[in-house]
Amino acid sequence: MDEVFIALLQLARDSYNHPMTITAGWRCREHQLELNPEVPNSSHTRGMAADVRCISSRENYEMAGAFRHGGFTRLGRYFQIVENRAQWTHIHIDSDPSLPEGVEWVGKAR
Ligand SMILES: [Zn+2]
């Protein structure tokens, strides 16, 4: 994993001050292509990203704040549909310098 990414993640973790469950970190290119062939060069394949389990709205709010406080400038909130309702699944954060900074997005979990 990228050293800058790990340093930011530790700052965010210290700020959050609760356990965090990382559900995805580094991915090999083959696994990335299986998960999402539309994004073959994900920052996960370069060790600059993680997905952190986040299933409640309060967790989402507080964890996103901690990631911003830790210095992350790229954050994606992901959900799945369960019984016709959106359910948060995880927050993706990355520190990929080749991608735009200061962005947040919402996506459907795969
Ligand atoms: Zn991710």
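These legends go with a set of views of a predicted model.

**View 1**
We start with the overall build, which comes to 3 helices and 5 strands. Going along the sequence, the pattern reads α-β-α-β-α-β-β-β. With a radius of gyration of 13 Å, close to the 13 Å that the globule rule gives for 110 residues, the protein is as compact as a globular protein of that length. Its C-alpha atoms fill a box of roughly 35 × 35 × 25 Å along the principal axes. Buried residues account for 23% of the 110. Of the contacts between residues at least 6 apart in sequence, 67% link residues at least 24 apart.

**View 1**

**View 2**
Zooming in, strand S3 (residues 74-82) runs antiparallel to strand S4 (residues 85-94), and 8 bridges join the two.

**View 3. Inside the largest nonpolar core.**
This core has 15 residues, and Ala 12, Met 63, Phe 67, Ile 91 and Ile 93 are the ones with the most contacts inside it. Helix H1 (3-16), S2, H3 and S4 each put in at least two residues. The top contributor is H1, which gives 4 residues.

**View 4. Up close with Ala 12.**
Which residues does Ala 12 touch, leaving aside those up to four places away in sequence? They are Ala 66, Phe 67, His 69, Gly 70 and Phe 72. Of these neighbours, Phe 67 also turns up, like Ala 12 itself, among the core residues with the most contacts.

The mean pLDDT of the protein is 96, and 100% of the residues reach 70 or more. Confidence is lowest in helix H2 (residues 29-35), with a mean of 93. At the other end is S2, where confidence is highest, at 98.

Definitions and conventions
Residues numbered from 1 in each chain as written. Predicted model: local features only at pLDDT ≥ 70, side-chain atom pairs only at ≥ 80, totals over all residues. Rg over C-alpha atoms; globule rule 2.2 N^0.38 Å. Buried ≥ 20, exposed ≤ 12 C-beta atoms within 10 Å, placed from the backbone. Contact = placed C-beta atoms within 7 Å. Pairing = 2+ DSSP bridges. pLDDT = per-residue confidence, 0-100. Core = buried A, V, L, I, M, F, W, Y, C linked by C-beta atoms within 7 Å.
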